[in-house]
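Please look at the protein shown here.

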Amino acid sequence: MAETHFGYQTVDEAEKARKVRGVFDSVAPNYDLMNDLMSMGMHRLWKAAAVALANVQPGDKLLDIAGGTGDLALAFARKAGASGTVVLTDINEAMLRAGRDRLLDKGLALPCMVCDGERLPFPTGYFDTVSVAFGLRNMTHKEAALAEMCRVLRPGGRLLVLEFSKVAAPLQKPYDWYSFNVIPFIGKLVARDSDSYRYLAESIRVHPDQATLKAMMKDAGFGHVDVHNMTAGVVALHVGIKC
Ligand SMILES: C[S@@+](CC[C@H](N)C(=O)[O-])C[C@H]1O[C@@H](n2cnc3c(N)ncnc32)[C@H](O)[C@@H]1O
């Protein structure tokens, strides 16, 4: 079997999927609180910027992949309105349940589906917009996942990939210190799990940087790709147009 990264470890591909599942089973109950604490609330701004750039219109059909607790799906549903369709998907049942319950608490009953971003059970050319926020990094076959995302978009549709990326050089050292000391410490304190949060920091370091991901998206079939750095490259939003 082929090998891949799980953070800094090299593991069999099947083992990576198991380990990623273990991470998100463990973090699901505290996911939203941990997101706010670790990013000091900034994940809300990163997601708000992604939603603004998505330019969602009433009646649009949107797919959120690796959607977890549903932040993007919620914002998209508000913009797409009653005539629109927003599908929330994730490979992890615990994360998706948390997302579905949260949306229901806000009065939104969206279709929610457990599915792998690498094999999407949707017809070709169906969606106006596809998003994946902080999820691509965890996938084993990123090229296959990007090709699937391209397949399910209509011509002219856009893919939004919001993901941790390569931070600007002057911030590298403090960012590394924060990632490998503060984040696992908060994880231990709040979720009694420092390992999952150490994986988070490691997985960011082995994820393709801005230029590499842009090239991967072009290879997957996106004719045009824009890259928007946020917080000095801590996060980047890649917007791909299926031309
Ligand atoms: C860091 S969370 C992001 C959740 C949400 N998108 C957000 O921004 O808050 C990453 C999500 O990716 C999901 N995931 C990992 N591998 C996946 C795959 N192959 N297909 C779909 N989802 C996956 C995990 O289950 C987890 O819910």
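The questions and answers that follow set values against definitions.

This is a predicted model, in which local features need pLDDT of at least 70 and side-chain atom pairs count only at pLDDT 80 or more, while totals for chains, interfaces and linings use all residues. Residues are numbered from 1 along each chain as its sequence is written, and side-chain values use heavy atoms, with hydrogens and water left out.

Q: Why is H43 called buried?
A: Buried means under 20% relative accessible area, with exposed over 50% and partly exposed in between (1.4 Å probe, protein chains only); H43 has 5% relative accessibility, so this residue counts as buried.

Q: Which residues does H43 touch, not counting residues up to four places away in sequence?
A: H43 touches N35, D36 and D71, where contact means heavy atoms within 4.5 Å.

Q: How many nonpolar, polar and charged residues are in the lining of the second largest pocket?
A: Ala, Val, Leu, Ile, Met, Phe, Trp, Tyr, Cys and Pro count as nonpolar, Asp, Glu, Lys and Arg as charged, and the others, Gly among them, as polar; the lining of the second largest pocket therefore divides into four nonpolar, one polar and six charged residues. Among the lining residues are D32, H43, K47 and R102.

Q: Which helix gives the most to the lining of the second largest pocket?
A: Helices are DSSP runs (H or I, at least four residues), numbered from the N terminus, and α3 gives the most, with five residues. H43 is found in this helix, α3.

Terms used
1 Å grid on protein atoms, 1.4 Å probe; cavity = no way out; pocket = protein on both sides within 12 Å on 5 of 7 lines; lining within 4 Å. Helix = DSSP H or I, 4+ residues; strand = E, 2+ residues; numbered from the N terminus.
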